Amino acid sequence: MATEFMSVKETAEYLNMSVTWVYREAPKLGMAPYKFGRGRNAKVQFKLSEVKAWVIQQRLE
């Protein structure tokens, strides 16, 4: 079974962008972050299907 969520680092690598860019720009562009846990142990992740959908929208025709 494929992983449904990616960490911020994995998302940055997938998009070939920096981690800073993912934190700052991805939510503005429609890739909503998901937060799992609370406090210092919280993990921010992005849903793979939403990231892939955004990538498809960026295609130039």
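**Exercise 1. Decide whether proline 27 is buried, partly exposed or exposed.**

Step 1. Take the cut-offs: buried is under 20% relative accessible area, exposed is over 50%, and partly exposed lies in between (1.4 Å probe, protein chains only).
Step 2. Proline 27 has 37% relative accessibility, so proline 27 counts as partly exposed.

The model is predicted: local features need pLDDT of at least 70, side-chain atom pairs count only at pLDDT 80 or more, and totals for chains, interfaces and linings use all residues. Residues are numbered from 1 along each chain as its sequence is written, and side-chain values use heavy atoms, leaving out hydrogens and water.

**Exercise 2. Find which residues proline 27 contacts, leaving aside neighbours within four places in sequence.**

Step 1. Contact means heavy atoms within 4.5 Å.
Step 2. Val22 and Pro33 are in contact with proline 27.

**Exercise 3. Classify the ring pair of phenylalanine 5 and tyrosine 34.**

Step 1. Rings of Phe, Tyr and Trp (its six-membered ring) pair if their centres lie within 6.5 Å; planes under 30 degrees apart are stacked, over 60 edge-to-face, the rest tilted.
Step 2. Searching the whole structure gives 3 aromatic pairs.
Step 3. In this pair the centres are 5.2 Å apart and the planes stand at 75 degrees, so the pair is edge-to-face.
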